[in-house]
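Subject: Structure handover

Hello,

Here is the structure for you to look through. My notes on what was found follow below it.

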Amino acid sequence: MRALIVVDVQNDFMPGGALPVQHGDEVVAVANRLMPRFDWVVASQDWHPPNHGSFASHHEGRQPGDIIQLAGLRQVLWPVHCVQETWGAAFHHDLNTQAIDKVFPKGEDPRIDSYSTFFDNAHRRSTGLADYLRGQGVDEVYLLGLATDYCVKFSVLDAAEEGFRVAVIEDGCRGIDLKPGDVNRAFQEMREAGARVVASDDV
């Protein structure tokens, strides 16, 4: 069976949001169009407490984009975004949430960030996604969403590590490119991990 994983299609990652991904809203139509082609559709949702350690505002003298150590890991600092129960954490209003079978929140622990839809960044805590998919008989996953070079990339790498056949839908993703070339490097990393990079028309 095949599942579509929709990664973090939330207001704060859209143009006008707290952490906008350029053209991020363009992935919504791709996701909606593809959902009926899959046996299962799941979505991840960044779901941060207000005191999350990845927020630059909690570190005196730091700015978004700075790098610190958080819980023993290298951490990019971000603007406050996707705070639980806020408009910014909600899914984009045009996303067909009725077609989503289950939502997996992530980033709830204030001490550690969670880019991947499967684990936190230290792999200390699972979201339960892998077990859920296996329980539904899923052996192949396709991913799209935001952002290519962070949450999509780490989700793809973990999906491959968990033993799923993996494809990433290139035109269903948009990236941050904090450093120019990050998006291209992310796709290369995903390919090297065994993922296929495909176009939505080929799904």
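Seven aromatic pairs are counted in this chain, which is a predicted model. In one of them, the ring centres of Trp-40 and Tyr-132 are 6.4 Å apart and the planes meet at 85 degrees; over 60 degrees counts as edge-to-face, so this pair is edge-to-face. Trp-40 is partly exposed, at 22% relative accessibility, while Tyr-132 is buried, at 17%.

Phe-118 and Phe-164 make a tilted pair, with 6.3 Å between centres and 35 degrees between planes. Phe-118 is in the loop between β5 (102-106) and α2, and Phe-164 is in the loop between α3 and β7, so the pair ties together parts 46 residues apart in sequence. Both residues are buried. Ring pairs also join Trp-78, Tyr-115, Tyr-150 and Phe-154 into a cluster.

Next, the largest pocket. Its space is about 390 Å³. Its lining has 18 residues, and the closest to the centre are Arg-74, Val-76, Asp-149, Tyr-150 and Lys-153. The lining comprises eight nonpolar, three polar and seven charged residues. At least two lining residues come from each of β4 (73-76), α3 and α4.

Helix α4 (residues 182-192) has these buried residues: Asp-182, Val-183, Ala-186, Phe-187 and Met-190. They fall within an arc of 140 degrees seen down the axis, so they line one face of the helix. They pack against α3 (148-161), β7 (165-174) and β8 (196-198). Asn-184 and Glu-192, on the other side of α4, are exposed.

Regards

Note on methods: Residues are numbered from 1 along each chain as its sequence is written. This is a predicted model: local features need pLDDT of at least 70, side-chain atom pairs count only at pLDDT 80 or more; totals for chains, interfaces and linings use all residues. Side-chain values use heavy atoms; hydrogens and water are left out. Buried means under 20% relative accessible area, exposed over 50%, partly exposed in between (1.4 Å probe, protein chains only). Helices (H or I, at least four residues) and strands (E, at least two) are DSSP runs, numbered from the N terminus. The arc is that of the directions from the helix axis to the C-beta atoms. Contact means heavy atoms within 4.5 Å. On a 1 Å grid over the protein atoms alone, a cavity is a set of points where a 1.4 Å probe fits but cannot get out, and a pocket is an open set with protein on both sides within 12 Å along at least five of seven lines; lining residues have an atom within 4 Å of a point. Grid points are joined across faces, edges and corners, and a volume is the space filled by probe spheres set on the points. Ala, Val, Leu, Ile, Met, Phe, Trp, Tyr, Cys and Pro count as nonpolar, Asp, Glu, Lys and Arg as charged, and the others, Gly among them, as polar. Rings of Phe, Tyr and Trp (its six-membered ring) pair if their centres lie within 6.5 Å; planes under 30 degrees apart count as stacked, over 60 as edge-to-face and the rest as tilted.
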